[in-house]
Amino acid sequence: MNAPVAPIPHALLASGANAAPFKPAIAAGELPAGGMARVTFGDLDVLLAHTPDGLVAIDDRCPHMSAPLSIGELEGCLIACPLHNGQFDLRTGEVTRMPTTGGLDADGVYHPVWTPEGRDAKPDPPGIKAEARRLTRVRRIRYYPVRVVDGVIEVAVPQP
Ligand code: FES
């Protein structure tokens, strides 16, 4: 398989990844178009996704509350989280659908709890858990350099 590598969005390279050595992850044949895989390096779980734009490597942690995106749904370049249904565009790293819990987006703008179309917005209940949801900020997705060498996908990860 000669999948291209998708470009990393501007300023979203993971910290330390530019100087990190490439490490073998999985055989390229194990990641068909539209596929996702979790690969673990030490205590770092990386999500590999084979999108229409090419291969992408990011943390396998939702930028909302860290659920594993690798068991979510990949549609084209959009990845949906299995926990609160947030959706993210792997071409840009941007949120395309806020988590159902609402809260703060990456720019710190508040979004209310999701409500079905046509219904009044649910008032946030009082209490520390609702406050935690309100104050949880969706982080920016960070990307790792990825390449294919001799049929093996390699990822540059700043971990032993
Ligand atoms: S943990 Fe992914 S949307 Fe909440």
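Threonine 51 lies in strand β3. Strands here are DSSP runs of E with at least two residues, numbered from the N terminus. This is a predicted model, where local features need pLDDT of at least 70, side-chain atom pairs count only at pLDDT 80 or more, and totals for chains, interfaces and linings use all residues. Residues are numbered from 1 along each chain as its sequence is written, and side-chain values use heavy atoms, with hydrogens and water left out.

**Threonine 51**
- Threonine 51 has 5% relative accessibility, so it counts as buried (under 20% relative accessible area, with a 1.4 Å probe and protein chains only).
- A polar atom of the threonine 51 side chain lies 2.8 Å from the backbone oxygen of glycine 54.
- Leaving aside residues up to four places away in sequence, threonine 51 touches Val56, Leu74, Gly76, Cys77 and Leu90 (heavy atoms within 4.5 Å).

**The sheet around β3**
- An open sheet of 3 strands runs in the order β2-β3-β4, with antiparallel pairing (strands pair if DSSP finds at least two bridges between them).
- Its edge strands are β2 (36-41) and β4 (54-59), each pairing on one side only.
- β2 and β3 (residues 44-51) pair in the antiparallel sense over 6 bridges.
- Phenylalanine 41 stands opposite leucine 44 in β3.

**The hairpin of β11 and β12**
- Strands β11 (residues 146-149) and β12 (residues 152-156) pair in the antiparallel sense over 4 bridges.
- Valine 149 has valine 152 in β12 as its bridge partner.
- This hairpin has 2 residues between the strands, and aspartate 150 takes a positive phi near 50 degrees.

Terms used. Buried < 20%, exposed > 50% of the residue type's maximum accessible area, 1.4 Å probe, protein only. Polar contact = N/O pair within 3.5 Å; in protein donor to acceptor, adjacent residues only side chain to side chain.
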